[in-house]
Amino acid sequence: MTPAQDKKYWRRWSAVVRGNHWRMVKSRLDPQATTTGSPAHAAVWAAASARAVQHLRGITADDLRHACHSVALGGRDKSHTAFTNREFDALLNYWGDERDIAGLLLDPLNLSSLISEDAHAAQKIHERQLRWLKTQCLGGYVMAESERLFGTKDWEQLPAADLARLHDHLRARPNAQLSVVGRASPRAAATEPDAFDPDWNV
């Protein structure tokens with residue numbers, strides 16, 4: 001995170017604190033603190049509650065700040081100074097970006113915020129599918145099925161919809177998956193064509 005991004009981070013958090021009364025008053029969270037009102041508020045509050053329970057105390061403003069990280073990053077909390085640009089953008093879907101996105105914690109019905117959050121969620125699904133194909137499948141099998149279905153072996157460049165179709169297709173084909181092939185004996189893996197040949201059991 002750059003110095004400019006760090007300053008923006010604290011500006012936006014201050015706006016969220018003001019908008020939701022998420023400030024400490026005499027060592028306790030403001031009684032007027034917003035706890036519900038939108039799915040985003042409910043998700044952040046639940047994550048903050050879980051964090052407070054781990055520390056055996058009531059919810060603090062810092063719990064809410066870190067809960068925003070966790071919700072924006074799909075359940076992972078990390079220091080904001082280690083955010084990537086994409087992760088910071090995901091957080092700004094909730095806090096507002098001082099341009100087009102009002103922030104789901106400040107204006108839950110803002111269309112730009114909702115569209116941005118949907119796009120981010122779709123990107124996360126795409127990345128998970130890509131990672132599964134790279135790490136859990138036989139490379140040759142993936143290329144062969146990609147060529148058969150879409151006319152190209154360069155499956156990593158497939159449009160999102162086609163990659164999702166390839167992912168679901170290979171999920172249903174155990175012989176494409178390293179975990180299944182790895183359980184077979186070396187002799188079986190070398191002699192059984194259906195372990196590696198995508199056309200064997202079409």
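Of the 202 residues of the protein chain, 40% count as buried, where buried means under 20% relative accessible area, exposed over 50%, and partly exposed in between (1.4 Å probe, protein chains only). This is a predicted model, in which local features need pLDDT of at least 70 and side-chain atom pairs count only at pLDDT 80 or more, while totals for chains, interfaces and linings use all residues. Residues are numbered from 1 along each chain as its sequence is written, and side-chain values use heavy atoms, with hydrogens and water left out.

The secondary structure comes to nine helices and two strands. Helices (H or I, at least four residues) and strands (E, at least two) are DSSP runs, numbered from the N terminus. Read from that end, the order of the elements is α-β-β-α-α-α-α-α-α-α-α. As for contacts, meaning heavy atoms within 4.5 Å, 49% of those between residues at least 6 apart in sequence join residues at least 24 apart.

Now for the inside of the protein. A nonpolar core is taken here as a set of buried Ala, Val, Leu, Ile, Met, Phe, Trp, Tyr and Cys residues joined through side-chain atoms within 4.5 Å. The largest such core has 29 residues, and Trp22, Leu64, Trp95 and Leu105 have the most contacts inside it. At least two residues of this core come from each of helix H1 (3-20), helix H2 (39-54), helix H3 (61-72) and helix H4 (85-95). Another core, of 13 residues, lies apart from it and counts Leu133, Leu138, Tyr141 and Leu170 among its members. In soluble globular proteins, nonpolar side chains tend to be buried together.

Leaving out residues up to four places away in sequence, Trp95 touches Tyr9, Arg12, Trp13, Val16, Arg65, Cys68, Ala102, Gly103, Leu105 and Leu106.

H3 is mostly covered, with eleven of its twelve residues buried. The buried set is Ala61, Asp63, Leu64, Arg65, His66, Ala67, Cys68, His69, Ser70, Val71 and Ala72. From first C-alpha to last, H3 reaches 17 Å, close to the 16 Å expected at 1.5 Å a residue; the expected span is 1.5 Å times one less than the number of residues. Gly74 follows H3 and has a positive phi, near 75°.

H4 is largely enclosed by the rest of the structure, because eight of its eleven residues are buried. Those residues are Glu87, Phe88, Ala90, Leu91, Leu92, Asn93, Tyr94 and Trp95. Just after H4 comes Gly96, which takes a positive phi of about 90°.

How do these two helices pack? The axes of H3 and H4 come within 9 Å and cross at roughly 115°. Axes here are lines fitted to C-alpha atoms, for helices over the stretch in contact, and angles run from 0 to 180 degrees between N-to-C directions. On the H3 side the contact is made by Arg65, Cys68, His69, Val71 and Ala72, and on the H4 side by Ala90, Leu91, Tyr94 and Trp95. These residues divide into seven nonpolar, one polar and one charged, with Ala, Val, Leu, Ile, Met, Phe, Trp, Tyr, Cys and Pro counted as nonpolar, Asp, Glu, Lys and Arg as charged, and the others, Gly among them, as polar.

The loop between H3 and H4 holds His80. His80 counts as buried because its relative accessibility is 8%. Not counting residues up to four places away in sequence, His80 touches Met1, Asp6, Tyr9, Trp10, Arg65 and His69.

A few other loop residues are worth a look. Thr35 lies between strand E2 (28-29) and H2, and is partly exposed, with a relative accessible area of 30%. Thr35 and Asn20 are 15 residues apart in sequence and 8.4 Å apart in space, C-alpha to C-alpha. With residues up to four places away in sequence set aside, Thr35 touches His41, Ala42 and Trp45.

Most residues other than glycine have a negative phi. Ser27, however, has a phi near 70°, a positive value. Ser27 sits in the loop between strand E1 (24-25) and E2 and is exposed, with a relative accessible area of 68%. Leu56 also has a positive phi, of about 55°, although it is not a glycine. Leu56 is found in the loop between H2 and H3, and counts as exposed at 78% relative accessibility.
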